[in-house]
Amino acid sequence: RYVRQLQRLQLLFSPTAADARGARQFVEEAAQDFARQHPDVVLYVSPHSGPGPAPVLRAEYLNGTVREELIASMTSEEIVQLATKLANQSGLDIIRIRKPFHTDNPSVQGQWHPLTNKPSILTVQGPRLQPQ
Amino acid sequence: RRSEQPSWDYHAEIQAFSHRVQENFALDLLKTAFVNPCYIESEEARRRQLGLDKDAVALQLQDNAGLAERGLRFARAYLAQCFEGAYPELPAKGIEALVNFLTSQELVSYVAQNLSIQDLALCRDFPAPPDVLQRTFLAVIGALLESSGPERTGIFVRDFFIPQLIGKDLFEIWEVVNPMGLLLEELTKRNISAPEPRITRQLGVSTVLPVYFVGLYCDKKMLAEGPGETLLAAEEEAARVALRKLYGYTENRRPWDYSKPKQGLAAEKAISSN
């Protein structure tokens, strides 16, 4: 079955700073809908008062990775899109994938080895038997 | 510990856990499932240290030992039933080895860690040791058994434990000391004559790394063939390959069936999707 890899989202923003306007709009309008659509993600909203550090959306995944995204000067829809993108990711590191394909069964009929098509020592090749 | 860092709501986390696993739990059963005995002892010790009166602030938590035992028994019975249905030729010792591997500490604690149980479990040490994680996960299974019944718990166990067998070979899990003897027993059960080992192919006999392919023939028909470095090793490997073929645990067997089970067979816990 499918287990969503995102554990919790923490939205840290300040209620007075100008660049956190999108975050405040998101909290007022879209946060409840988002939480209802994703019941397996816990959404924490923590406003820290006064002009503090930049507004940040922190995502924690089941394998322990924590990913922080700056949401300064982003509109509410963009934050919704970012949150759904994070919710559909897994917690693996975002690195370059060397090959876009992987298979656990590289060979269907058995991998070739130098003895595949050599006849066995035991096969006896004698003169052909005459049909009766 | 995550529960001591900012932004932590235990009730919300537990609800999210039940949604993540797509199961309906009775929440109070689930909360008891996460309470370990070492946590209760440490809490009582802490309260005694702080000088609180024991009767005034009594801990009303039950620990998860009963749930864990029920979960373990159900998981073992269900997995044994699954394997008996899927590999009918496999002997009892093989099934036992598979079930022991699937309920072993490392595997269960690995599955539990990737389901965020290590954050929710209440225990004394941090990070939670693997036996605590195993007990907590089995208690979760027990709680699910109490809340939703054996069918859904069976599907849960199947979805989380059987994928751990993918890519694993039978004899990696089941240690067999004498495969030739076991093979002889199996063949006598089926009334086939004893196998005759013959060298099929050989390469590099006089070098450091010879390769011998030994085939086992019963009544002049080939049973199995296995490679090895020395003749004895090749014969043992051929016996193992023959056993794999007989038990139906080869690499090219049909993959496990994870579809929804048919209704109406819940009477004796016999679920048809094996």
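Residues are numbered from 1 along each chain as its sequence is written, while chains are lettered from A and ligands numbered from 1 in the order in which they are written. Because this is a predicted model, local features need pLDDT of at least 70 and side-chain atom pairs count only at pLDDT 80 or more, whereas totals for chains, interfaces and linings use all residues, and side-chain values use heavy atoms, with hydrogens and water left out.

**View 1. Chain A as a whole, with its helices and strands.**
Chain A contains two helices and four strands, where helices (H or I, at least four residues) and strands (E, at least two) are DSSP runs numbered from the N terminus. Read from the N terminus on, these elements follow the order β-α-β-β-β-α. Of the 132 residues in chain A, 32% are buried; here buried means under 20% relative accessible area, exposed means over 50%, and partly exposed lies in between, with a 1.4 Å probe and protein chains only. Chain A exposes about 9400 Å², and carbon and sulfur atoms supply 54% of that area, as computed by the Shrake-Rupley method with a 1.4 Å probe, in which only the protein chains shown count as cover for residues. Among contacts (heavy atoms within 4.5 Å) in chain A between residues at least 6 apart in sequence, 71% join residues at least 24 apart.

**View 2**
The four strands of chain A form an open sheet in the order S2-S1-S3-S4, with mixed pairing; two strands pair if DSSP finds at least two bridges between them. Its edge strands are S2 (42-47) and S4 of chain A, each of which pairs on one side only. Neighbouring strands of this sheet are turned by 15° against each other on average, direction ignored. Strand S1 (residues 6-13) of chain A runs parallel to S2(A), and six bridges join the two, with A:Leu12 standing opposite A:Ser46 in S2(A). Helix H1 (residues 21-37) of chain A lies across S1 and S2 of chain A and runs at about 160° to S1(A); axes are lines fitted to C-alpha atoms, for helices over the stretch in contact, and angles run from 0 to 180 degrees between N-to-C directions.

Strand S3 (residues 56-61) and strand S4 (residues 66-70) of chain A run antiparallel and are joined by five bridges, and A:Val56 has A:Leu70 in S4(A) as its bridge partner. Four residues lie between the strands of this hairpin, in which A:Gly64 takes a positive phi near 100°. In the loop between S4 and helix H2 (76-88) of chain A lies A:Ser73, whose phi is near 55°, a positive value in a residue other than glycine. Most residues other than glycine have a negative phi. A:Ser73 is exposed, with a relative accessible area of 63%.

Helix H12 (residues 231-247) of chain B has 17 residues and reaches 24 Å from its first C-alpha to its last, close to the 24 Å expected at 1.5 Å a residue, the expected span being 1.5 Å times one less than the number of residues. Its buried residues, including B:Ala234, B:Val241, B:Leu246 and B:Tyr247, pack against helix H10 (170-173), helix H11 (179-189), strand S2 (211-218) and strand S3 (221-228) of chain B. H12(B) is followed by B:Gly248, whose phi is positive, near 75°. S2(B) and S3(B) pair in the antiparallel sense over seven bridges, and they form a hairpin with two residues between them, where B:Asp219 in the turn has a positive phi of about 55°. B:Asp219 is exposed, with a relative accessible area of 58%.

B:Ser116 is in the loop between helix H6 (105-113) and helix H7 (117-120) of chain B, has a positive phi of about 65° although it is not a glycine, and counts as buried at 2% relative accessibility. Chain B averages a pLDDT of 81, and 92% of its residues score at least 70, pLDDT being the predictor's confidence in each residue, from 0 to 100. Over residues 264-274 of chain B, however, pLDDT stays under 50. Where pLDDT is low, the predicted coordinates should not be read in detail.
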